[in-house]
Amino acid sequence: MTVKKTILMLPGDGIGPDVIAQTRRLIDWLNSNRDVAFTVEEDLVGGCSHDAHGVPLTDAAMARAQAADAVLLGAVGGPQYDGLPFDVRPEAGLLRLRKEMELFANLRPAVVFPALADHSSLKREVVEGLDIMIVRELTGGVYFGEPRGIETLPDGQRRGINTQVYTTSEIHRVAAVAFDLARKRGKLVHSVEKMNVMESGRLWREEVTALHEKSFSDVKLEHMLADNCAMQLVRNPKQFDVIVTDNLFGDMLSDEAAMLTGSLGMLPSASLGATDGQGRRKALYEPVHGSAPDIAGQNLANPIATILSFAMMLRYSFDLAEPASVIEDSVRDVLNQGLRTGDIMGAGMTQVGTAGMGDAILAAMEKYAA
Ligand code: NAD
């Protein structure tokens, strides 16, 4: 049966439109070569939306994002917007999407393609073949907890306050995402907190354990303190399959894991919300990199992070594992052929532009069309 889905594209600023354009070609290819009917809508987010409408995301674009089966975003921001007030800055458009779609689980895979293992700052044997997934809680914890603020004490000193808060349901819903992912991968979850010094960490460990016993005992669960996890990620990252952690630790650990792979232009991400009555989950997919104004519009950007974000959409929003694998295998093929954009260029390799990388990935996909 034909899979019919509506995808909202939000290319945004800088290299966003460059990398989204290549992903669009893959969607057209799938519409012609697989039993899918993807309808693509497009709208503005970030600085370009501010230029056109005075806001970084219009109510109409927000409504389209809520109605779409999934959203693919390029990047937002640029130096020309740095002086704007915070509430109309480009990032505010992205934050509004995350908040109103209630995207509580941020998925950041760290995959090292063998052809790129030398780009990592760690030794090849430590990272080659690495494939881990970090699930970060995105809407709770210390970044949102109350009370917060800066106050002046009677003796004239100032005091800054943030509060780490988690509830049972917040912990359960993000842990369930991690366990579900592990079921489709290596069946191992590491739950990461600081239960030795934080009550919220002790609650996190107890609640993850309770959920595991109740619903996911087929998946192996390990607990690890966040400081140890930071060390283990550089000592022996291949011991991990899925890591689930809170907003603060996830912020740090996902960036640390990302750098094991060596290049910003290769890193996809997904942010997932709750599942509705029809089994449909709100979801936003985007590359980890920013708008790279230094190379925007020059056919220099690496489109692979966005292309791999789209492959995540196929896998996690549409349950289309086969086309997702076709895309991921094609990226691997192209890297094995020695084709590189500037950011991942190495000695003896052939440099291509953004469109050239798109051409090469499409050509590799043709091999799978037969
Ligand atoms: P950046 O990720 O845009 O760029 C960092 C460096 O990596 C630059 O040298 C850039 O050329 C390079 N780079 C990034 N992506 C690349 C790609 N796909 N191919 C080749 N090279 C790539 O980060 P920055 O320079 O700190 O920020 C630039 C702008 O992007 C700022 O306005 C910032 O606020 C915004 N930003 C947006 C997001 C987002 O949209 N999610 C994330 C981070 C930064």
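## Asparagine 106 and its contacts

The side chain of asparagine 106 comes to 3.2 Å from the backbone oxygen of alanine 270, and a second polar contact, at 3.1 Å, links it to the side chain of serine 271 (a polar contact is a pair of N or O atoms within 3.5 Å; within protein, one must be able to donate a hydrogen and the other to accept it, and residues adjacent in sequence count only if both atoms are side-chain atoms). This is a predicted model, in which local features need pLDDT of at least 70 and side-chain atom pairs count only at pLDDT 80 or more, whereas totals for chains, interfaces and linings use all residues. Residues are numbered from 1 along each chain as its sequence is written, and side-chain values use heavy atoms, with hydrogens and water left out.

Asparagine 106 counts as buried because its relative accessibility is 7%, buried meaning under 20% relative accessible area (1.4 Å probe, protein chains only). Leaving aside residues up to four places away in sequence, asparagine 106 touches Ile134, Val135, Arg136, Leu138, Ser269, Ala270 and Ser271, where contact means heavy atoms within 4.5 Å.

## The surrounding sheet

Asparagine 106 belongs to strand S4 (residues 105-111), strands being DSSP runs of E with at least two residues, numbered from the N terminus. An open sheet of 10 strands, with mixed pairing, has the order S2-S1-S3-S12-S11-S4-S5-S10-S8-S9; two strands pair if DSSP finds at least two bridges between them. Its edge strands, S2 (36-42) and S9 (220-225), each pair on one side only.

Strand S5 (residues 131-137) pairs with strand S10 (residues 242-245) in the parallel sense over 4 bridges, and arginine 136 stands opposite threonine 245 in S10.

Definitions and conventions:
Buried < 20%, exposed > 50% of the residue type's maximum accessible area, 1.4 Å probe, protein only.
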